[in-house]
Structure formats: structure tokens, C-alpha cells
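This report describes the fold, the nonpolar cores and selected side-chain arrangements of one protein. Please consult the sequence and the structure shown below while reading.

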Amino acid sequence: MTTEPRTSVYDIFDLLRFPLAVFVVFIHSFGGLAVNHARLVDDPFTWGAIYDYLRVFGSKALPILAVPVFFIMSGYLFYSRMSSWDWHLYADKLRRRVRTLLLPYLGWNLFHIVHLSWPLLLKIFTGQRPLASLWSFLGRLGGLRMFYDSHLTRPVFANILGIPMEVTGPVLMPLWFMRDLMLILLFAPIIYWLVRRLRHWLLVLLGLCFVFNIWVPVHGLSIYCTFWFTLGSYFAIQGRDLVAALTLPSCSISRGSRQCVSLSVAPSLSWRPRHFGYPARVCCVCLLGRGVVVRHRPGSMQPHPVSIPTVACA
């Protein structure tokens, strides 16, 4: 009887990277046409209703797992191969993130600003409008805040306590992921210290905050980013096997496929409360809690539970 070769977490990340990027494109391809909810109920088998069903499933249901998994991957990779805290290694990682995150972030936002102001720029060049109109236009876009939390994109959701939680982003809204990721990297030393000392209890606390959407109202430091990034960080800092902990039980599909599905299935339940409600977030954290409290016996690949409380119990 031959055993299936073990797949590393880096192989799984490589397999997931492209389909998750496609999912991000799907998320932002929903279109501006509102869903006709009455038609979905009264005439669910019309072409218009079927189109709305496919649109919701293809943009609001299946692809939403992409962003949480990207945060998990980012947290894991940032702390991987860091057996102990090293300020020189941390500074080197930040320098590399300037090239891979900050410069593309600024460049694409600047490109979008030029795209928005292009008609006005043409009128300025032809003498139809004064140069001062450009500064007025940029001020309406948010001024320097365009690169951080432009006032154009601020849908507000209330958490379970009724406290409004603002969802902000730069002028190019899809890049909120990069903004949040860059900001949380500044707190990487604190996350490392907390994970080392609080271990799974930190995930319990953040899991509760995530479920009930209770967090400090700081733009760019959302609980959404903090929870998923810290989850990936936990496995890297504690030296835990992320792939083995989140692998589905044995079935007919290959091990690599099970691992890809496992890493993605729980985050797909984590959409905002206005879509699936708080029970969906509870289910999500319960599934992930199973991976956090599993360890492996030396020389064995069979997991067994550790007698510690999980996020699910909370």
C-alpha cells in the first residue's frame, strides 16, 4: 500500500493563487444593475431571474472566499521561516513590501485619479477651464485622502451592538485589500508577541470580535483583515502545519484537491452580516477552530484533538 506524497503549504498557495485572483475579478464584475428580488420570488424560472441567480452566485457567493484566503496566505508567508523575532528580517520584509505593495498601490490609485480627471484636464489644456478647477475637483474626491479612505466609498454597516462600522477604501476601492495589508504589517511585531504569549486565546478573542463585528473604528485596520491575517500568522509563528490542520477528511478526491478546498471553504462563509447573518460567521469560525485545536502525534499523520476550548465553543 503506497502512501500519497505530502503536499507542502507553498504548493497549495501556488495552486490557489490564480483561481483566487480570478475570483477577485468576479467579485467586481457584478455590474450596476440591481437584483430584482420580487422577480426571484414570483418568477424564479424566467431568464431575468436565472441571470440574477447566476450573477449573485458568481460574484457574491462563491468568489468571496478569495480575500480571506489571501489574508491567511499573507499572514502565513510573512512569518514563515521566522523561528524567533528578528528586527533585521522584519525591516527586510518591509522593504520588499514597498516594492510589491506600496509602489503598485500608489501607482494604480494615481492612474485612476488621472482617469477620472482626464475630461477636466482636456478642458484645462484647451483653455476652457481654469487650473483652479482641477484643485477643486481633486478636493471633491477627497484630497490626499484619496490614497487612503476616500469619502466616495463609505458604505456603513451596524454591528450587533448597533454601532455603525464604516467600510472605507482609497479612490480605487478594490485596492482596500492592499491598504489594510500594508497597515497591519506595521503591527507585525505586536501580532508576533501576542501569538507567542496568548496562542489560541488570541484567535478566540479575535474570532468573537469577527463574529459580532466589534472592533476599533480605525480606517484600514478592520477586524476582517486582522482576524484572517492573524489566523495565518498563528500557524507560521507556532510552527503548526496549516495544510494538515485544515485538510478535509479522506475521500475519493486527491489530497491536494482536499487541501485546496479545505483552506477555502470556511472563509467562504464569512461574508458581511447583511448577506448571510451572524450564524454564517459562527459556522466559519467553528470550522476554523477545528484546525486550530488539532495537533499531530510524532510519526503519525492522524490528528487528534487537544483538550482546549475552541472559538466554536465561545
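Arg81 is exposed, with a relative accessible area of 71%; exposed denotes over 50%, buried under 20%, and partly exposed the range in between, with a 1.4 Å probe and protein chains only. Arg81 is located in the loop between H4 and H5, and its phi is positive, about 60 degrees, although the residue is not a glycine. Arg199 is partly exposed at 45% relative accessibility. Arg199 occupies the loop between H8 and H9 and has a positive phi near 50 degrees, again in a residue other than glycine.

## Basis of the model and overall fold

The model is predicted: local features require pLDDT of at least 70 and side-chain atom pairs pLDDT 80 or more, while totals for chains, interfaces and linings use all residues. Residues are numbered from 1 along each chain as its sequence is written, and side-chain values use heavy atoms, without hydrogens or water.

The protein contains 14 helices and 4 strands, which are DSSP runs numbered from the N terminus (helices H or I, at least four residues; strands E, at least two). Of its 314 residues, 45% are buried.

## Nonpolar cores

A nonpolar core is a set of buried Ala, Val, Leu, Ile, Met, Phe, Trp, Tyr and Cys residues joined through side-chain atoms within 4.5 Å. The largest core has 54 residues, of which Leu20, Phe71, Tyr79, Phe177, Trp228 and Phe229 touch the most other members. Helix H10 (223–237) is among the helices that each supply at least two residues, and H10 provides the largest share, 11 residues. A second, separate core of 10 residues includes Ile113, Leu134, Phe137 and Leu141.

## Aromatic pairs and charges over rings

The whole structure holds 21 aromatic pairs; rings of Phe, Tyr and Trp (its six-membered ring) pair if their centres lie within 6.5 Å, with planes under 30 degrees apart counted as stacked, over 60 as edge-to-face and the rest as tilted. The pair of Trp176 and Tyr224 is tilted, because the planes stand at 55 degrees, with centres 6.3 Å apart. This pair joins helix H7 to helix H10 across 48 residues, and both Trp176 and Tyr224 are buried. Phe227 and Trp228 form an edge-to-face pair, 4.9 Å centre to centre and 65 degrees between planes.

Lys93 lies over the face of Phe78, 5.5 Å from the ring centre; this requires NZ of Lys or CZ of Arg within 6 Å of the ring centre and within 35 degrees of the ring normal. The charged end of Arg179 sits over the ring of Tyr148, at 5.3 Å from its centre.
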